[in-house]
Amino acid sequence: MHGNDVILEKLSMRFGDFVAVQPTDLKINAGEFFSILGPSGCGKTTILRMISGFLSPSQGSVVIGEKDMSGIRANARPTALIFQNLALFPLMSVRDNIAFGLEARGVAKKTRMEKAQELLSLVALDGQGDKRPAELSGGQRQRVAIARALAVEPSVLLLDEPLSALDLKLRQHMRAELKDLQRKTGVTFIYITHDQGEALTMSDRVAVMNKGVVEQVATSDEIYAHPKTPFVASFVGEQNIFKGKVVGKEEDFAILETSQGKFFGQNAHGLNEGEDAILFVRPERMSLEEKQGWQNGLSAILERRDMEGPFVNLHMRAGDQPVAIHVTNVEQTPRPLGTDQKLWFAARDAVVMRPGELASE
Amino acid sequence: MNSLIKSYGKGLTSLFLGLTAIWIVVLIVLPQISMIDRAFTYQDRGGAAATLAVKIDRAYEEVFQINTRLAEIQAEKEDLAAGTSAGPKKEGASALNPFGTPSPSDDTASLNPFGTPSVPEVNDTSDLNPFGAPSAGSASAVSRSLAGIEAEEAPLLAKKGELEAQIATLEAAEKSTSGAVALDTSYSLRNFTMMSSVHLQIFLATIIYALCVTILSFALCYPVAYAVAMTTNRNKLAILMLGLLIPYAINELLRIFSWIMILEKQGVLNGLLDLLGIINMEAGEGFRFVASNGAVFTVMIYAYVLFMVFPIYNTVDTLDKNQIEAAKDLGASTWRIHWRVVLPHAKPGIAVGAIMTFMLSAGSIAVPSAVGRGLHPDWFSQVIYRRFFEADNWNQGAAYSLALLVACIIFILFNMWIFRVGIRDIAK
Amino acid sequence: MTITTHQNGAMKKQVKSPVDWAAAILNGYLVIFFAYLFLPMIFMVIAAFNASPTPSVIDWQGFTLDWFRALPEDQRFIDGLWHSLIIALGVIVISIPLGLAGALLLSRLQSRATTFFYTVLVSPMLTPGIVLGATTLIFWRDAFGVEGGLLTATIAQSSFIASYCMLMFMARLQRQDIVQEEAALDLGASSFFVFRKITLPFLMPTIFTASAISFLQSIENYNTTFFSIGPSWTLVTEIGSRMRFGISPVINVIGVLFVAITIIAATVYVMAGRRKGRS
């Protein structure tokens, strides 16, 4: 098995007046684990269905392995799709499910049974081949779906939120397994999800989408640390948000005047003085202690303290503005509720952007 | 039982049990037992009393018919007297009447329960009309003069008097023998074994035709059920559902009747052939399609096809559409998708559709009796009807009904086995 | 940049999906199938307005409404309609309690016999109509000396219509949350009180639909009625005997009325279903 590049060229989709996907250019590398992350209705599933061939784009094209896929039906594309509900065939045995794609290609029974056996081993389901899908656990069914898709040796595997039906523990376990399978097979994985945890842990690169537009394509670290748009900043991870006006610039930093005082932050959009702006700082980047070179400080009242094991979440209020801080269990010192605290964060940990749409809470 | 009392309490539980028991015993089991009892009870129809009883019944029936006809003639006369022209209504009415048109053929005569003046033999086989198409029996009457009406009335009156006299003698004869010579009855298989080879042939032909109707209906319906189930556009779906529901809800007989308009000698089909220049209707050419078994067959498919569509639609509709896409995505051809994914899923629906269609067509009396009106070979349901109401041999009728029922049960069991479905999948 | 050239190409060509022959053939077939379903009825409706005394489409003798006037004067049809209504009401009165009792028992009876009773209770649905008619006729004559008539027809129809009712009630009961009942019992209500206040109201909508469906089934029934009604008649058996002994455009008129009523009812039903589906 091997992966192929997937290139989207000015790909767009309209349903009547509704634009599901704005013209999008995107290059997904061969053998990459690529995720498309976004809230429901952002157009990610539409993109997936255009790649798989179930939808014909309104405009633009999908190129897989240098071959333009326009006019090629789903059953003739080198892609295999894993459905959100898996769509296993309930009346066939697990083995027949896995061998179905080979059967459809007219592969001899002996060969396809051997291949099915091989795949059963690959997904660690030896000995389960004669069961019906309904007799398996959720995680096992997941693996059957993957084996079924891999049986036809696709160069691109498309996964449509396949983990969403599983419980949390299993989901976390399956993330590792999927990543592992992807490495073993070298197939290009395109993974659609609204769960940022999934996208960030598994992917080589992530595309964040909103309202039919791809807002940022980058590695997980990059997306988390350096979001490009207010939507990406607010959608991925938690943020404390301060609104204000730019009152000065200093190298790559902007100075923002807010209701809680002046804050320094990275000037991501190159804003000038006088412009409205918005500042994001992550809860774990804030501290109750002043550290060297941290220019930004504000005072807030401790309202609630949630103990989460390794972390402690402190919910505070600065004026009318809620502020959250995550501290590790190690560094925190218990303080009584209702006391006034001084909070600190570094300018390099905050980012200032032009106001835009935020992810809804 | 405890769970019932826990749910409903003693009083309600016994009420429900009582009602259900009445239903099972009085409406289902006892009638079946009576039928089975009769089916295995042989009555010696040669017995004098039996023959008498049959003759008396028949005579009464004829008198009743004559009276009905006389009343109509009276009405007709009044109309004429009132100066109203013999308008379309009356023409229509006389066209409806079996007496107005003496049947030219003996074959059809015995098919027509009211049209036969003589008492037919009791164990007859002549109620089969094996080969198709005698000449028209029911040409519509034209408007008639008063004289014409009276000409018809006179013999009827005479006949009526004759019959009434006959009844009196017969009843006297019956009274004298009453009690002494009852029907000789005994349990035996003779009601079945006595089934003449003609009746057996009809029985087998009916079963085979019903099977063909079932298979053809399936072939016709499956694409439709599939297409409707796959329709995602709400407006299109609503229109398609309406298109299926409307003919389904319209009465069976009217659906049959609508086809008679096509198959009649003066029907649409002959009209079409005339247009194409194949026949010349002006010259009186034309096929009597209604007189053929093919017509019964065609109309039967039309009448019962929708009983196949809905069960299949209902199951295909529950198929997860992703499964079809998954199969497609894995490279399956259309044919394979149906064979491996859609059809296996639709099995319970196919079983239900097949059972309903088979049962309706094997037991249909509406289609064969209405299409061609006795001009084509008999259907088994008609034979049963005649055993009951013409030959007045209820025991043999019961035996024949039982045979039909057994055929249906075998078909149901066969379907349950082949489609691997339980009774709960079938009756939902 | 290669993208730019591609871009122009992509912008120009409106990407067409490949011609889906399977879908095209299926659509074509649908059109033919619906023509097959509806053309005969259209002929039937047209012939109702033809002056020709034998119902015909091709032998056009002028437009007339005479057949519509003839119908209400036809006493046998009017009587038949009354008989049909009497039977239908009787069927509802018998079938609803029986079906309800059967459904309540079967849905709570936890026993191996359940499947057996289920089979017995649905068996009339799977029995040919003429057999139901014949058995009822035999039983009531042999056991009670009741001859074929409206009573036997009512009973024969009820035997299978009750099964339909039972299935509808069972489907409804399946969706009932048994916890409600238990909660009420727990609060000290009697079983009868629970039945009256919780179960019965829950089943009420189904009682209405089941009555409506029983009514329609009864009115439309031919095979069973034909065998069990003896010398009497209903609207439908009267149509049947007219059809056997020479057809008249009056039947077309009845057809037109049936078609009209059905179209209105079906349209209302589908529209109502859609509105419900949307909300």
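Residues are called buried under 20% relative accessible area, exposed over 50%, and partly exposed in between. On that scale R141(C), at 28%, is partly exposed. The structure is a predicted model. A search of the whole structure finds 24 salt bridges over all chains, whereas the count of disulfides comes to zero.

**Interface of chain C and chain B**

- Chain C and chain B together bury about 9,500 Å², and 76% of this area lies on carbon and sulfur atoms.
- In chain C, the residues that lose the most area to chain B are L126(C), M243(C) and F245(C), which together account for 8% of what that side buries.
- The contact involves 105 residues of chain C and 107 residues of chain B.
- One salt bridge is found across this interface.
- R38(B) and D142(C) meet through their side chains in a salt bridge, with an N to O distance of 2.7 Å.

**Salt bridges within chain A**

- D349(A) pairs with R285(A) in a salt bridge whose closest N and O atoms are 3.9 Å apart.
- This pair links distant parts of the chain, 64 residues apart: D349(A) is in the loop between β18 (340-345) and β19 (350-353), and R285(A) is in the loop between β14 (276-281) and β15 (296-307).
- D349(A) counts as buried because its relative accessibility is 17%, under the 20% limit.

**Salt bridges within chain C**

- Side chains of opposite charge can pair when their charged atoms come close.
- E147(C) forms a salt bridge with R141(C), and their closest N and O atoms are 3.8 Å apart.
- R141(C) is partly exposed because its relative accessible area of 28% falls between the limits of 20% and 50%.
- D74(C), R76(C), E238(C) and R242(C) are linked in a network of salt bridges.

**Cysteines of chain B**

- The sulfur of C212(B) has its closest cysteine sulfur in C408(B), 15 Å away, which is too far for a bond.
- A disulfide would require the two sulfur atoms to be within 2.5 Å.
- C408(B) is likewise in no disulfide, the nearest cysteine sulfur being that of C212(B) at 15 Å.
- C212(B) is partly exposed, with a relative accessible area of 33%, whereas C408(B) is buried, with a relative accessible area of 2%.

**Two buried serines of chain C**

- S52(C) is located in the loop between α2 and α3 (66-73) of chain C.
- The relative accessible area of S52(C) is 1%, so this residue is buried.
- Apart from its neighbours within four places in sequence, S52(C) is in contact with D59(C), Q61(C), W67(C) and P249(C).
- S52(C) and P249(C) are separated by 197 residues in sequence, yet their C-alpha atoms are 8.1 Å apart in space.
- S95(C) is placed in helix α4 (residues 75-108) of chain C.
- S95(C) is buried, with a relative accessible area of 0%.
- When residues up to four places away in sequence are not counted, S95(C) touches L100(C), S158(C), I161(C), A162(C) and C165(C).

**Nonpolar surface patch of chain C**

- L39(C), I42(C), I46(C), W60(C), F63(C) and L65(C) make a nonpolar surface patch of about 570 Å².
- I46(C), one of these residues, lies in helix α2 (residues 21-47) of chain C.
- I46(C) is partly exposed, with a relative accessible area of 34%; residues of a patch need over 30%.

Notes. Residues are numbered from 1 along each chain as its sequence is written. Chains are lettered from A and ligands numbered from 1 in the order in which they are written. This is a predicted model: local features need pLDDT of at least 70, side-chain atom pairs count only at pLDDT 80 or more; totals for chains, interfaces and linings use all residues. Side-chain values use heavy atoms; hydrogens and water are left out. Patches are made of residues with over 30% relative accessible area and no salt bridge: like charges are joined within 9 Å, nonpolar side chains (Val, Leu, Ile, Met, Phe, Trp, Tyr) within 5 Å. Accessible areas come from the Shrake-Rupley method with a 1.4 Å probe; for residues, only the protein chains shown count as cover. A salt bridge is a side-chain nitrogen of Lys or Arg within 4 Å of a carboxyl oxygen of Asp or Glu. Helices (H or I, at least four residues) and strands (E, at least two) are DSSP runs, numbered from the N terminus. Buried means under 20% relative accessible area, exposed over 50%, partly exposed in between (1.4 Å probe, protein chains only). Contact means heavy atoms within 4.5 Å. Buried area is the accessible area (1.4 Å probe) that two parts lose on being put together, summed over both.
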